[in-house]
Amino acid sequence: MEIKTDYWKSLDEKYQTPEFLQTLENEFLSSPLKSEDGKDGLARRQFMKLMGASVALTAAACVRRPVQKIIPYNKRPGDLIVGLPNYYASAYFDGTEGISVRIKTREGRPLFVAGLNDNPLNGRGLSARASAHLLSLYDPDRVQKPTINSINPKNRKDSISVGATWEKLDTRVVAKLKEGGVGILTTSNPSPASQELLHKFTVAVGGSRYTWDPLPTDSVRKAQQLSYGTDLVPAYHFDKAAYIVSIDGDFLGTYLTPVKFTNDFAKARNPDGNMARLVSFHSIPSLTTLNADDNYPIRASHQLAVACSLLKAVAKAKDGSISEAVSANALSDEQLGLNSGTIDYVAKNLVSHAGQGIVISGGMVTESANSVALQVVINSLNSLLGNEGKTITTQGAARWRNGSSQDLLELVKDIESGKVTTLIVHDINPMYAFPAEFKFSEVVQKLKGLITTTNWIDETATLADVIAPCGHPMENWNEYEFATGLKTIQQPTIRPINDTRSFEDSLIAWAKAFGKPITSSENYHDHLKADVVKALGSEKNWFDYLQSGSRGSVSSGSGRSFNSSAYSALKDAKKSGNDIELVLYPKAALLDGALANVSWLQELPDPVTKTVWDNYLTVSPQFAKEKHLKMGSMVEIEVSGQKLNVPVYVMPGQNSHVVGLAVGYGRTKGMNLAKNIGVNAYTLAKVDNEGVRYSGLPVKVQKIMGTYELAITQGHNSMEGRQIIAESSLKNYKEGTDPVHRHKVFSIWDKHKYDGNKWGMAIDLNTCTGCSACMVACYSENNIPVVGKKYVLQGREMHWIRIDRYYKGDESAPDAVFQPVMCQHCENAPCETVCPVLATVHSDEGLNDMVYNRCVGTRYCSNNCPYKVRRFNWFYYDSHYRREPLEMALNPDVTVRTRGVMEKCTFCVQRIKDAKSIAKVENRPLQDGEIKTACQEACPTGVIVFGDLNDKESAVSKMFEAQRQYTLLEEVNAAPRVRYMAKIRNTDRIMSSPHHEDHTEKHSNGHANKEEHT
């Protein structure tokens, strides 16, 4: 069977490989009626048993539920009503991004994290990581008590962890502090109060401070200092931009503040208003790449050349002059591997949108030998175009990002020289994240004392003398200033689960025992509260602050003049002579690996590759063909003598001279779930006199024997050539061309009548970036189990919502579209007509309900669903949550399903019931927007809209009537209650119309492959 379609999810689908066609023949990737190897046929006797049981159990529950006992409160807390949630304003910080959040608790347990939409910094929604950090609170692998880890510092490798009291630990630490030679290694800290205490502590003990970030931004700050005389990371206002050029700046996925950037970017992408255009030059495909209107693969070593070439072309168009250093580093289109005229075309558009554009670059992918020079040229471009002070400002800038690779070099030097003999490491894992060239395991042996304040006995803590568990952010107080002038409170939502103490409380205790107190308060909460009350004027204002979550406002800023002397950074620019270059990059879910022990993130398909539970070497299709590689082939990569064996992932849209490897994997200690998953890419980073290099590394790639099976979820469900994606160019859309092929459908059945509510959902493909925050929120809200890599390979993942990624065009630089798909809650639901036990039924409000205790697992409903959105619960997956205290993360409003039942999206029916109950008690009608599904609440772009279709003024009703709306698989006439809004691409490339095409071959308007601009 050959499926003809313009859109493809994978290269196997594009080329209709035998393996892909075989998966289409198999409705399910695995069956309970087949053996594990799948070699035997269908067990007829088992089939008859199953059917007999389905008839017998039609009216009875099929599963014996475990007995649960409830112990009532002896004395109920005054602010707690059993069964009703409490909400707390707080903050989330993952080392790079800060988000103001609202935490839902039940009976003292945090259960769900949502964005605090009133905060002017991050706007609506949040990231997948912010949702998932809830599960890290209940991580059973966390350090449970203060620990003495090594009796003899000279024999750390044979250390034995021994639980201790805080008194014993403090005595041991203070003894080390009194010996002198104290060094303190931390990451960048956006808390002014914490920074103040740390500074006082460092002075009190006569120590030295070192600050380093595993995901660096120091080249941006250095370039800002050279260009404008200010050491900061500026604020980017994508909502004010009309033309955006990214040079390996993944602002939608991993760079700086993706939630804020995504929120603003969506505001600028309204096809019915002024729609911004995004152009991406990239060495490694990223979320930003896949959301670009035009994208151009480049070598990592050409990042600076692309920036210089753009600056040269812009200056020429504006009749200006540029530095000779810029001209010397500029290259022609041909040298850059681009179509003729590309640079001039992009430069022309930048000039025509002067003052309304943004050129952005940065992150680990740009941290090469030329990273500072690259940022200087980016600054010069934005200043020349008039973007500085308008779309790029110091208003909202991050001045707290002060991590430095130089500090890293200085620390190693000071330990080796004996200046630092006792090292305190806070919330960072240098043994894991430092490059192998540092040989830090040997450097550590020169210390007399190593003290870590961490939550896991990780690679660094294993070698430490003392482990002081610092607790989870949801257990600790703090206050952050993510943007100058605007402060955000972090308040605990649960008492410490383990015997932990915040880092700030440890500093206060140690300084006091040392004989040089750093505060008059007994603990950090009292210290923080006293400072805030003094600033706000009263204790009442303190409580108001706890409710609102933020105080102050983003400080003002003004435009700056570019200092041409900054071009001196280009004088020593390096030119690469390497045929193949390695780029280390972070994934949107795991970033630096700090949350690698969170199962929700490990099983979250990477938005770009759709792979779970692994990292891998990404290579271009051309590179794979030349080296005779395929998906899962094993290769050995070598950088400066450091070798790793990794599997291959063939990545469309990647430059053929670049290979990529994600950091955040390869953990060996402390995190049991994350152990031995993938390889540690940090070991391959190179070190020079200026710092650590992650990009453009010279690498040797050698194919070796063997293959490795990657768990890729993208190919598990295929809707086989139908009109799944509808898209058009902005020009065609403005001219009124319908981007959707409309079908004439009819039904012999009467329509359902709804006298009350009629629930529906609309999804705008134009603003979905594929960030996958909705998927983790759905995990959290609906108690969805993880299944592990083994069962994902068998197609048994349990996601109730998935984000399909479709490619279109030439595999060397394809366009991409993301599409969230969940249960469509069909009016003519195919699943309802085939269930022999009436386990799937239609509600009087239009929902497709599942009655779990009727379900006997025939899976007829899944077989009959054209959208492939129903998930069969094969095993006792909920046993994952039985490791104490993981069960505390379960939402009591949602049934914890056991094996043998079918699951799927319910439109968060529990939230519908709660809102209706509240409206009934308050004797008022439901308001539009009052009910938000978990996926809707998490989405930073507002892609998902939910509401009552019987309310003609509701937002969802208006979207159902919009020009761009269409129904998925309309011709099947299942009449879904979910509508999609067609994707609009702001590009000058020709895009065909669907109206006169052969419907068996093309179902939506596509576009030509990459071509000349003229």
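What you see is a predicted model, in which local features need pLDDT of at least 70, side-chain atom pairs count only at pLDDT 80 or more, and totals for chains, interfaces and linings use all residues. Residues are numbered from 1 along each chain as its sequence is written, and side-chain values use heavy atoms, leaving out hydrogens and water.

**Stop 1: the overall picture**

Switch to a cartoon view. The protein chain has 29 helices and 43 strands (DSSP runs numbered from the N terminus: H or I of at least four residues for helices, E of at least two for strands). Next, think about contacts, meaning heavy atoms within 4.5 Å. Among those between residues at least 6 apart in sequence, 75% join residues at least 24 apart.

**Stop 2: the nonpolar cores**

Select Phe238, Phe251, Trp600, Leu601, Met761 and Ile763, the residues with the most contacts inside the largest nonpolar core, which has 144 residues. Such a core is a set of buried Ala, Val, Leu, Ile, Met, Phe, Trp, Tyr and Cys residues joined through side-chain atoms within 4.5 Å. Helix 24 (residues 773-782) gives the most to this core, with 7 residues. A second, separate core has 57 residues, including Leu408, Val635, Leu644 and Val648. In soluble globular proteins, nonpolar side chains tend to be buried together.

Now zoom in on Ile763. Setting aside residues up to four places away in sequence, Ile763 touches Pro820, Met822, Val943, Ile944, Val978, Arg979, Tyr980 and Met981.

**Stop 3: two crossing helices**

Select residues 166-178 (helix 5) and 503-514 (helix 18), whose axes come within 9 Å and cross at roughly 65 degrees. These axes are lines fitted to C-alpha atoms over the stretch in contact, with angles running from 0 to 180 degrees between N-to-C directions. Show the side chains, too: among the residues making the contact are Trp166 and Leu169 of helix 5 and Trp510 and Phe514 of helix 18.

**Stop 4**

Go to the loop between strand 25 (642-650) and strand 26 (658-662), where you will find Gln654. Is Gln654 buried or exposed? It counts as buried, at 3% relative accessibility. Pro297 is 357 residues apart from Gln654 along the chain, yet their C-alpha atoms are separated by 5.8 Å. Look also at Thr618: its backbone oxygen lies 2.8 Å from a polar atom of the Gln654 side chain.

**Stop 5: Asn848**

Select Asn848 in strand 37 (residues 848-850). Asn848 is buried, with a relative accessible area of 3%. Which side chain makes a polar contact with the side chain of Asn848? Arg870 does, at 3.3 Å (a polar contact is a pair of N or O atoms within 3.5 Å; within protein, one must be able to donate a hydrogen and the other to accept it, and residues adjacent in sequence count only if both atoms are side-chain atoms).

**Stop 6**

Most residues other than glycine have a negative phi. Select Asn676, which has a positive phi of about 60 degrees although it is not a glycine. Asn676 is exposed, with a relative accessible area of 65%. Finish at Phe907, which is not a glycine and has a positive phi of about 60 degrees. Phe907 is buried, with a relative accessible area of 1%, in the loop between strand 39 (902-903) and helix 27 (909-921).

Terms used. Buried means under 20% relative accessible area, exposed over 50%, partly exposed in between (1.4 Å probe, protein chains only).
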